Amino acid sequence: MGLEAFLPVAFLIGYLLGSIPFGLILTRLAGTQDLRSIGSGSIGATNVLRTGRKGLAAGTLLLDALKGTVAVVIAGYIAGPNAAMVAGLGAFLGHLFPVWLKFNGGKGVAVYIGILLGLFWPAAVVFCLLWLATAFTTRYSSLSALVAAFITPIFLWWFGHLALSALFAILTLLLFYAHRENIKRLQAGKESRIGEKA
């Protein structure tokens with residue numbers, strides 16, 4: 001199989017890894033209420049935190065990030081950087097639109113970080129620092145993610161990573177789409193702050 005012919009396989013690998021709903025799995029194993037019935041209804045770490053189980057939230061964050069990293073590392077090892085980027089796109093779409101959950105998944109922040117970590121780790125560090133700075137000053141998880149994601153493609157472009165910048169511009173648009181209800185609540189002053197329970 002040629003490298004170009006592997007790209008659809010790379011996308012599928014990424015999608016399948018990205019579609020694993022770790023937040024839902026961990027909370028079910030822990031016996032909490034259905035994650036989709038509380039807070040934003042998302043299956044990501046921020047919503048897991050609203051159950052009051054910080055350990056589960058940390059586990060969800062780690063595993064959701066790792067599935068993005070693993071996807072790009074595997075595809076990159078097999079067929080190079082183009083395959084890695086395609087796998088990253090697949091992982092992100094898999095998390096947002098998992099076939100197992102009728103295409104209703106998470107918001108994509110942890111997976112975004114994991115993909116960044118696998119493709120260009122300094123950008124992942126910048127993302128996390130921006131997230132932390134915004135979260136510290138506003139206590140809005142969604143706003144922190146939006147600010148960090150907005151700046152990430154610009155950071156990549158500034159340092160000459162044009163292909164990665166284009167990829168993360170697409171991922172940022174998808175992330176903004178996934179946060180469309182959060183954006184409405186932020187504008188209305190009704191968004192939940194970090195640490196608030198459902």
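This is a predicted model: local features need pLDDT of at least 70, side-chain atom pairs count only at pLDDT 80 or more; totals for chains, interfaces and linings use all residues.
1. The protein is built from 10 helices and has zero strands, so that, read from the N terminus, its elements run α-α-α-α-α-α-α-α-α-α. Its radius of gyration is 16 Å, close to the 16 Å that the globule rule gives for 198 residues, and the protein is therefore as compact as a globular protein of that length. Taken along the principal axes, the C-alpha atoms fill a box of roughly 50 × 35 × 25 Å.

2. As to burial and surface, buried residues account for 45% of the 198 residues, while the protein exposes about 9900 Å², of which carbon and sulfur atoms supply 70%. Among contacts between residues at least 6 apart in sequence, 62% join residues that are at least 24 apart.

3. Helix H7 spans residues 121-138, which makes 18 residues, and from its first C-alpha to its last it reaches 26 Å, close to the 26 Å expected at 1.5 Å a residue. Its buried residues are Ala123, Ala124, Phe127, Thr134, Ala135 and Thr138. They cover an arc of only 100° around the axis, and this is why they fall on the same side of H7. An α-helix has 3.6 residues a turn, so residues three or four places apart point the same way.

4. The face of H7 turned away from its buried side carries the exposed residues Trp121, Leu129, Leu132, Phe136 and Thr137. On the buried side, the cover includes helix H6 (109-119) and helix H8 (141-158).

5. A residue of helix H8 that deserves a look in this context is Ser144, which is buried, with a relative accessible area of 0%. Leaving aside its neighbours within four places in sequence, Ser144 is in contact with Trp131, Thr134, Ala135 and Thr138; Thr134, Ala135 and Thr138 are also among the buried residues of H7.

6. The structure holds five aromatic pairs. One of them joins Phe92 and Tyr112 in an edge-to-face arrangement, with 6.1 Å centre to centre and 70° between the planes. Because Phe92 lies in helix H5 (residues 81-96) and Tyr112 in helix H6, this pair ties together parts that are 20 residues apart in sequence. Both Phe92 and Tyr112 are buried.

7. Tyr112 also pairs with Phe168, again edge-to-face, at 5.2 Å centre to centre and with 70° between the planes. This pair links distant parts of the chain, since Tyr112 is in helix H6 and Phe168 in helix H9 (residues 162-178), 56 residues apart. Tyr112 counts as buried at 0% relative accessibility, and Phe168 is likewise buried, with a relative accessible area of 0%.

Technical notes
Residues are numbered from 1 along each chain as its sequence is written. Side-chain values use heavy atoms; hydrogens and water are left out. Helices (H or I, at least four residues) and strands (E, at least two) are DSSP runs, numbered from the N terminus. The expected span of a helix is 1.5 Å times one less than its number of residues. Buried means under 20% relative accessible area, exposed over 50%, partly exposed in between (1.4 Å probe, protein chains only). The arc is that of the directions from the helix axis to the C-beta atoms. Contact means heavy atoms within 4.5 Å. The radius of gyration is taken over C-alpha atoms; the globule rule is 2.2 Å times the number of residues to the power 0.38. Accessible areas come from the Shrake-Rupley method with a 1.4 Å probe; for residues, only the protein chains shown count as cover. Rings of Phe, Tyr and Trp (its six-membered ring) pair if their centres lie within 6.5 Å; planes under 30 degrees apart count as stacked, over 60 as edge-to-face and the rest as tilted.
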